[in-house]
Amino acid sequence: MKVLDPCPFPKEFPSQLSKDSNFFMQHAYNQSINAWNADEVPVGAIIVHNEEIIASAHNQTRTQKDPSAHAEMIAISQAARHIGDWRLNECKLYVTKEPCPMCAGATIISRIKEIHFALLDPKMGGLGGAISLHKLPQSNHKPSVFTGTMEQECKTLFQAFFQLKRKSSS
């Protein structure tokens with residue numbers, strides 16, 4: 001398979017003056033550019049604790065040859081190591097695409113407080129797109145879920161990646 005050219009989208013330079021959802025999603029977006037440049041599906045994730053980024057990752061399934069090496073899974077592991085506990089009760093996850101069922105399950109098991117994602121995934125999304133794991137009635141943890149932050153930027157990047165992939169494979 002031919003490797004794509006470097007990502008044509010510039011990285012964001014978030015201002016430290018306003019640490020809001022857009023600020024944190026810009027960091028996740030930058031991770032998705034790192035994924036593109038590694039010839040991975042461009043999904044980026046960060047985890048925030050006390051308004052500080054404690055974990056950041058991008059998809060690494062191809063480079064690690066590991067189907068579980070999704071950005072969210074890697075970031076959750078990093079955050080747990082940083083905090084020293086598997087319970088991430090006071091943490092927020094920012095990710096450029098809706099977590100799949102595996103990653104959505106991990107966010108629930110790790111008790112992440114809030115999940116913010118840019119793009120809904122109607123085919124494989126685990127937090128409202130295809131299924132809503134966070135709404136299971138018997139679950140003892142129900143994170144707050146927010147969608148749409150930087151949706152257009154993430155959608156444009158994601159679509160361009162797959163358009164170029166399809167073009168290079170034909």
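**Figure 1. Phe161 and its ring partners.** Phe161 is buried in this predicted model, with a relative accessible area of 0%. The rings of Phe161 and Phe162 have their centres 5.1 Å apart, and because their planes stand at 90° the pair is edge-to-face. Phe162 itself is partly exposed, its relative accessible area being 26%. Ring pairs join Phe161 and Phe162 with Phe9, Trp36 and Phe158 in a cluster.

**Figure 2. The pair formed by Trp36 and Phe161.** Six aromatic pairs are found when the whole structure is searched. In one of them, the ring centres of Trp36 and Phe161 are 5.3 Å apart and the planes meet at 70°, so this pair is edge-to-face. Trp36 belongs to helix 1 and Phe161 to helix 5; the pair therefore ties together parts that are 125 residues apart in sequence. Trp36 is buried, with a relative accessible area of 1%.

**Figure 3. Helix 1 and its surroundings.** Helix 1 consists of 17 residues and spans 25 Å from its first C-alpha to its last, close to the expected 24 Å. The helix is mostly covered, as twelve of its 17 residues are buried. After helix 1 comes Asp39, which has a positive phi near 60°.

**Figure 4. The largest nonpolar core.** In soluble globular proteins, nonpolar side chains tend to be buried together. Here, the largest nonpolar core contains 43 residues, and Ile47, Leu93, Tyr94 and Ile112 have the most contacts inside it. Two or more core residues come from each of helix 1 (21-37), helix 3 (71-83), helix 4 (101-109) and helix 5 (151-169), and likewise from strand 1 (44-49), strand 2 (52-58), strand 3 (91-97) and strand 4 (114-119). Helix 1 gives the largest share of this core, seven residues.

**Figure 5. The contacts of Ile112.** Ile112 is one of the residues with the most contacts inside the largest nonpolar core. When neighbours within four places in sequence are left aside, the residues in contact with Ile112 are Ile47, Ile76, Leu88, Cys91, Lys92, Leu93, Thr107, His141 and Pro143. Two of these partners, Ile47 and Leu93, are likewise named for having the most contacts inside the core.

Conventions. Residues are numbered from 1 along each chain as its sequence is written. This is a predicted model: local features need pLDDT of at least 70, side-chain atom pairs count only at pLDDT 80 or more; totals for chains, interfaces and linings use all residues. Side-chain values use heavy atoms; hydrogens and water are left out. A nonpolar core is a set of buried Ala, Val, Leu, Ile, Met, Phe, Trp, Tyr and Cys residues joined through side-chain atoms within 4.5 Å. Buried means under 20% relative accessible area, exposed over 50%, partly exposed in between (1.4 Å probe, protein chains only). Helices (H or I, at least four residues) and strands (E, at least two) are DSSP runs, numbered from the N terminus. Contact means heavy atoms within 4.5 Å. The expected span of a helix is 1.5 Å times one less than its number of residues. Rings of Phe, Tyr and Trp (its six-membered ring) pair if their centres lie within 6.5 Å; planes under 30 degrees apart count as stacked, over 60 as edge-to-face and the rest as tilted.
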